[in-house]
Amino acid sequence: MTDSFAGAIGRKVLSRATAEEVGNLTQLLVDVGARSVAQLVVGRGRKARLVAWAHVTGFGPDAVMLDDAASLEARDADAAVDIDLLGKRALSEVGNDAGKVDDVTFDPETGALVGIVVGSREHPAEALLGAGSYAAVLGAAVEEPAGED
Amino acid sequence: MLLTTASAVRGLPVVTVTGGEDVAEIRDIVYHPEAGRVVGFTLNKRGRLSGRRREVLPASAVHAIGRDAVMVRDVDALVEPDAAADELGAPDRDRNVLGDDVVTEAGVSLGVIKDVVLLVGGTGEVVGYQLERPSGGEGYIPLIAQLAVSGAALVVPNATEEFVRDDLIGLGAAVDEFRRRLDLP
């Protein structure tokens, strides 16, 4: 079973301890080195708060369950090293634009990334070599014609 | 074979493969005509009007030159001019081939060099030149062997004349064909 970033955004986030809704999922932030979801962003703007993946007790199709609402932390913009991949420019390692990251698929049990969707194609997560403010850099294989992977 | 020109590389962002950050942009290409390759790049800071960057980028530290970016492994690829080879850190100003006349051994002028043609995905191999033809039009020649180069002219084998092409796509095929003719890899 895989889930996807684009499909998960907007999903409600509940506290398992109190069954209260604490907000809606707005972003999934990725630890690029580990190729996994590191943190979730709940709510928008000044109300946005962060929660580490370790506090997610269930990532279900209808709701994201947290251990406790107290696990949510204020968002410190300077401390953000984890990257929001969605919408980011996709650049091949040989320096050609491949489009943008339209979706990311992941294992909802572990948070491990499964695939990076660029346009109509899904590349294995291993294709992700790095990501930062400018681009997500993918292996040169992203330039091979479709249908060969 | 995908080709690009030095002028198309100017202004491209320099992006790290491991970090996805645009750490600089290409200001100019430093070309070594005798060696037939780019030795490196001078750099600007990223963003409009932000000015020159002191560091240079040696071609040896380039991961790949693409259509949309010049890729480096990480920011350590950028070095102080003192730390780079002299041909990059303190290039000889007379070594610019732009404006040089390309003449065959037989004494036929093929045109004046307007630009340097590079391999896309490579690290600075120069595969040809863009010329302004004596007739006024534009042409491309493969650079397979040059016999001599000075500040004013470049002497090439007679056979080069047969491989003058109208565009970059034609040049790609001409490079392969010319290599086969001369039994080069």
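User: In this predicted model, which residues of α3(B) are buried?

Analyst: Gly170(B), Leu171(B), Gly172(B), Ala174(B), Val175(B) and Phe178(B) are the buried residues of α3(B). The model is a predicted one.

User: What do the buried residues of α3(B) pack against?

Analyst: They pack against four strands of chain B: β1 (3–5), β9, β10 and β11 (138–142).

User: How do you know that the length of α3(B) agrees with its number of residues?

Analyst: Helix α3 of chain B covers residues 168–181, 14 residues.

User: What is found at the start of α3(B), and what follows the helix?

Analyst: At the start, a side-chain oxygen of Asp167(B) comes to within 3.3 Å of the backbone nitrogen of Ile169(B). After the helix comes Asp183(B), with a positive phi near 60°.

User: Why is the pair Glu177(B) and Arg165(B) called a salt bridge?

Analyst: The cut-off is 4 Å between a side-chain nitrogen of Lys or Arg and a carboxyl oxygen of Asp or Glu. The closest N and O atoms of Glu177(B) and Arg165(B) are 3.9 Å apart. The pair therefore qualifies. Glu177(B) sits in helix α3 of chain B, and Arg165(B) in the loop between β13 and α3, 12 residues apart.

User: What makes Arg46(B) and Glu25(B) a link between parts of chain B?

Analyst: They form a salt bridge, with the closest N and O atoms 2.6 Å apart. Arg46(B) is in the loop between β4 and β5 (52–58), and Glu25(B) is in strand β3, so the pair ties together parts 21 residues apart in sequence.

User: Is Glu25(B) buried or exposed?

Analyst: Buried means under 20%. Glu25(B) is at 15%, so it counts as buried. Arg46(B), at 30%, counts as partly exposed.

User: Which residues touch the most other members of the largest nonpolar core?

Analyst: Val9(B), Val14(B), Ile26(B), Tyr31(B), Phe41(B), Leu57(B) and Tyr129(B) do, in a core of 34 residues. Strand β3(B) gives the largest share, 5 residues. Beyond its neighbours within four places in sequence, Ile26(B) contacts residues including Val9(B), Val14(B), Phe41(B) and Leu57(B).

Definitions and conventions: Residues numbered from 1 in each chain as written. Chains lettered and ligands numbered in written order. Predicted model: local features only at pLDDT ≥ 70, side-chain atom pairs only at ≥ 80, totals over all residues. Heavy atoms only, no water. Core = buried A, V, L, I, M, F, W, Y, C linked by side-chain atoms within 4.5 Å. Buried < 20%, exposed > 50% of the residue type's maximum accessible area, 1.4 Å probe, protein only. Helix = DSSP H or I, 4+ residues; strand = E, 2+ residues; numbered from the N terminus. Contact = heavy atoms within 4.5 Å. Expected span 1.5 Å × (residues − 1). Polar contact = N/O pair within 3.5 Å; in protein donor to acceptor, adjacent residues only side chain to side chain.
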